[in-house]
Amino acid sequence: MTTLAQSQAPKLRPWKLVLGGIVMAMLAVLAWGLTRDPSYIPSQLVGRSVPAFALPELNGNGTVAADDLRGTPLVINFWASWCVSCRAEHGLLTGFGREVASRDDVRIVGINYRDAPAAAARFQDELGTFSYRSGQDPSGRTGIDFGVYGLPETFFIDRDGIVMARHVGPLTEAALKHNLSLIGVTR
Amino acid sequence: MRPRRILAIVLVAALAVPAVAVPVSTTSVLAQPVKQQDAVDARVFAIGAKLRCPVCQSETILDSHSSSAKEMLRIVREQIDAGRSDVEIVGYFHDRYGDYVLMQPPARGANHVLWVLPLLILLVGGLWLARWLGRSRRAAAAAAPAAPAVAFTEHDLERLKL
């Protein structure tokens, strides 16, 4: 027997349920998409050999070259005077650089990306001199080889010259410690 | 048309148009930083319109005014001069930046969703709209009276005269 209330209630057809489910799922995916950073580009370099580079040293006459840095775990930090968030990691990097100078199981170099030496010098006058060498990459071509898209970016390379990790954005104490562990360095 | 029906058409159209338009590569109509002079320029343009600028949001390296994009265009030109093929040049950037750098994501793996979903939405939306319009037309036909219930009288005619 059908009561009045039952006959007047809208029928829930299966296809309506399915369509409603699909719409809800799509909305959920789109909502999740809003929480992600659309400018983030996953690194193509992780697991591959470090690209070759030989760059003129920023404050000197030497060359910063990938070939000379083989055999020891290596940290490469891309920075620039125009990069605002590079200021946030500067203290950590210079501190780590001083520490590295006294140990022989890890090395660090900087790459001054799309910058002018004068501007880079002013940056260091203001925030403190880097405790390690930087190579100049004024055209950004070495950066392109590394897949760099937003500074600062830091690459962690193991003793065999394989890139094990890339960190985008200012380094933190925890991120540095974690990524160093990936290249066999304890801090 | 009733407001609800208009609303339905507008909704489906609004969903369908971007769904179809998005995967199609955008070609610059505004900013063309390099003058097109010869065959090499034409190739620089064609390749530049395929590559997405890594420091911008959904902009080709041809459209972007960023120095990064300009440097990438310069690399494209150099590699053309060096005799590399279009596929090799696009591959050079794909090697470094992955699928991100391609304006048209390649139709493979999970990317198939991008290509199939818009057509699916259009299809389902179209079927739903057709069904709904048909049903409301039938309902309207059923509800409409066959003839005016009250005849037009002489008195009504008088009232209409000014």
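Let's start in chain B, in the loop between helix H2 (39-48) and H3, because B:Ser58 lies there and is exposed, with 11 other C-beta atoms within 10 Å. Keep in mind that this is a predicted model. B:Ser58 is not a glycine, yet its phi is positive, about 50°.

Now the rest of chain B. What does its secondary structure come to? It comes to 6 helices and 0 strands. Read from the N terminus, the elements go α-α-α-α-α-α. Chain B has 162 residues, and 15% of them count as buried. Take the contacts in chain B with a separation of 6 or more: residues 24 or more positions apart account for 58% of those.

Next, the contact between the chains. How many residues does each chain give? Chain B gives 11 residues and chain A gives 13. On the chain B side, the elements that give two or more residues are helix H3 (67-81) and helix H4 (86-97). By class, that side of chain B has 4 nonpolar, 4 polar and 3 charged residues.

On to chain A, and its sheet. This is an open sheet of 5 strands with mixed pairing. The strand order is S5-S4-S3-S6-S7. Which strands stand at the edges? Strand S5 (134-137) and strand S7 (163-168) of chain A do. Each has a single partner strand, so one side of each is left without a neighbour in the sheet. From one strand to the next, the twist averages 20°.

Look inside that sheet. Strand S3 (residues 74-79) of chain A pairs with S6(A) in the antiparallel sense, over 5 bridges. A:Ile76 stands opposite A:Phe155, which sits in S6(A).

Helix H6 (residues 173-182) of chain A lies across S6 and S7 of chain A. Its angle to S7(A) is about 165°.

Two backbone details in chain A to finish. Take A:Arg114, in the loop between strand S4 (107-113) and helix H4 (117-127) of chain A. A:Arg114 has a positive phi of about 50°, although it is not a glycine. Is A:Arg114 buried or exposed? A:Arg114 is buried, because 21 other C-beta atoms lie within 10 Å.

The other detail is a cis peptide bond, from A:Leu151 to A:Pro152, with omega near -10°. Where does A:Pro152 lie? A:Pro152 is in the loop between helix H5 (141-145) and strand S6 (153-157) of chain A.

Notes. Residues numbered from 1 in each chain as written. Chains lettered and ligands numbered in written order. Predicted model: local features only at pLDDT ≥ 70, side-chain atom pairs only at ≥ 80, totals over all residues. Contact = placed C-beta atoms within 7 Å. Helix = DSSP H or I, 4+ residues; strand = E, 2+ residues; numbered from the N terminus. Nonpolar A, V, L, I, M, F, W, Y, C, P; charged D, E, K, R; others polar. Buried ≥ 20, exposed ≤ 12 C-beta atoms within 10 Å, placed from the backbone. Pairing = 2+ DSSP bridges. Axes fitted to C-alpha atoms, helices over the stretch in contact; angles between N-to-C directions.
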